[in-house]
Amino acid sequence: MTDFNEKFYNTCGDYPYVRFVSAKVDSERFKVTLEAVYKKEREQDFVKARSRIIEVARTLLPPSVSVTLSASPIAFSSGEIMRSISEFFGKQSALVFSSIAKENTAIVTGDKPSVIINLPESIAAYVTENGLDIKLKGYLDDRFFADFTVTIGSKADNTDEIRQVLNLETFRPKFSYARPDEGRRIDPKDRRAVYGDQIKGTAGYIGDCLQPEFTTLYGRVIDARVREYTPKKAENEEEKRKFATFSLDDGTGKIRCVFFPSVKGESAIDSLKDGAYIIADGYLDYDARAGDGTLQFGLRHFSECAETVFEINEVVRLVDDDYRYVRPVPYTALSQSRMYGGERKPLTTEPLVVFSVLTSSQNKYAPGEPIEIGAVRLEGGKITETFSSLIRPAAEMSEEARLAAGVLASDFIGKPTFDQVLPDFYRFFDGYTLTGFPVDWHIYVLRPYLEKLHIPEPPLAEITKFADASKFREVRPKNTRRALPFAEAYAKILANI
């Protein structure tokens, strides 16, 4: 809204105590709702000039659009200040913009607002030499009608981190199709528009939904429910609106969905009944309510369609040859370890991969996302290779959860996501039997992610068939909360080391 405010002040400079913060566009009714804030001490002036302010704002918009104004006294949050800081440096200096991190910025709101930004020494010097801190203060003062204190601190340059960021390569996954000439798309028939224009084109597989994006999906409605909520701008709590929640299933996977219709389009909810087939477009985003990194589909428009039978094109995501995150490490045993005991027969010679997974939650019933994986390969009863990697979670972990897991927020910087790590892990375990302690819990954590990437699940073995569970409990590492030491400890039991 920065450009809009500048145009408003240039058109009429009589109202410097008013600032527009957002605009909600209703394209169906050609209506724009402007949200503005004003200085509390100028409230009487604002009430008198309200009609004139709307007239000036209307001249900056297309003549066919109707304009309404929603305004309140100035109030701001630390999130709004952080966005404004990023917006300011995004226009002023790409060098400074790329160096600002939320965890290195301290923001205080209230009667005496202040901002402290810690930057690498060389960049902090650049900011002060060019007066960008003074310009930032003026920018925040004008934007929030307050008197900010802006302080630029410095920290030592982390050359290793800078070098790592500069050397990062964009990961482009490769696929191996069972039928390479066939795309992974669905073309439903007999479409009938229900909400918005009729959906055109084909739909993608729900099983291919990996990251936030705009997409089109097809499927059968499951567990549809109509709910109510009170709009933020409702005049009273009894002013309710309807929305629908349900799951969509196309045979390759299921996804949680939510649909918020307009007031005039609420009748479209009646078409979202269990068993109905629809094709819809909308936005995939992380489900903030679930908080486990899974995706939720927000419908924008949808059409009814006929049930469509299609042959699922199976696919395995392969490891990219240029991908450099995770590689197996050859295992070197201590030659002195059997000096006094001699060679001992391993408990099994079966080709095994012993693995362990660390998750973002300590709750075994709701473990959250995998954040680390460690694995050990056994061939002929001997440990040959190890595999280990942190996994950057999609949902941000709380400080309490990170403390329980023994990791820092900085540990995940530059680390791969699950859709990058698991193809590497697939190549590591392919052709082997997978086991762990307990194996059913660990595969329960990984199974939905393997299915999402269409990675075939390997044969599983209960580790307790090789040795009593008490032995595995005894060797559990007590001084670490990382995944690989656990996998190594269990593998050594099997190798009888």
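A search of the whole structure finds 14 salt bridges, each defined as a side-chain nitrogen of Lys or Arg within 4 Å of a carboxyl oxygen of Asp or Glu. The model is a predicted one, in which local features need pLDDT of at least 70 and side-chain atom pairs count only at pLDDT 80 or more, while totals for chains, interfaces and linings use all residues. Residues are numbered from 1 along each chain as its sequence is written, and side-chain values use heavy atoms, with hydrogens and water left out. Side chains of opposite charge can pair when their charged atoms come close.

One of these pairs joins aspartate 187 and arginine 191, with an N to O distance of 2.9 Å. Aspartate 187 has a relative accessible area of 37% and is partly exposed, whereas arginine 191, at 18%, is buried. Here buried means under 20% relative accessible area, exposed over 50%, and partly exposed in between, with a 1.4 Å probe and protein chains only.

Aspartate 287 and arginine 256 form another salt bridge, at 2.8 Å from N to O. Aspartate 287 sits in the loop between β14 (277–286) and β15 (295–304) and arginine 256 in strand β13 (residues 254–259), so this pair ties together parts that are 31 residues apart in sequence. Helices (H or I, at least four residues) and strands (E, at least two) are DSSP runs, numbered from the N terminus.

Glutamate 350 is partly exposed, with a relative accessible area of 26%, and lysine 465 counts as exposed, at 56%.

Salt bridges also occur as a network, which links Lys137, Asp141 and Asp147. Helix α6 covers residues 132–144. Its 13 residues should span 18 Å at 1.5 Å a residue, and the end C-alpha atoms are 18 Å apart, which agrees; the expected span is 1.5 Å times one less than the number of residues. An α-helix has 3.6 residues a turn, so residues three or four places apart point the same way. The buried residues in α6 are Leu132, Asp133, Leu136, Leu140, Asp141, Arg143 and Phe144. Just after α6, phenylalanine 145 takes a positive phi of about 55 degrees.
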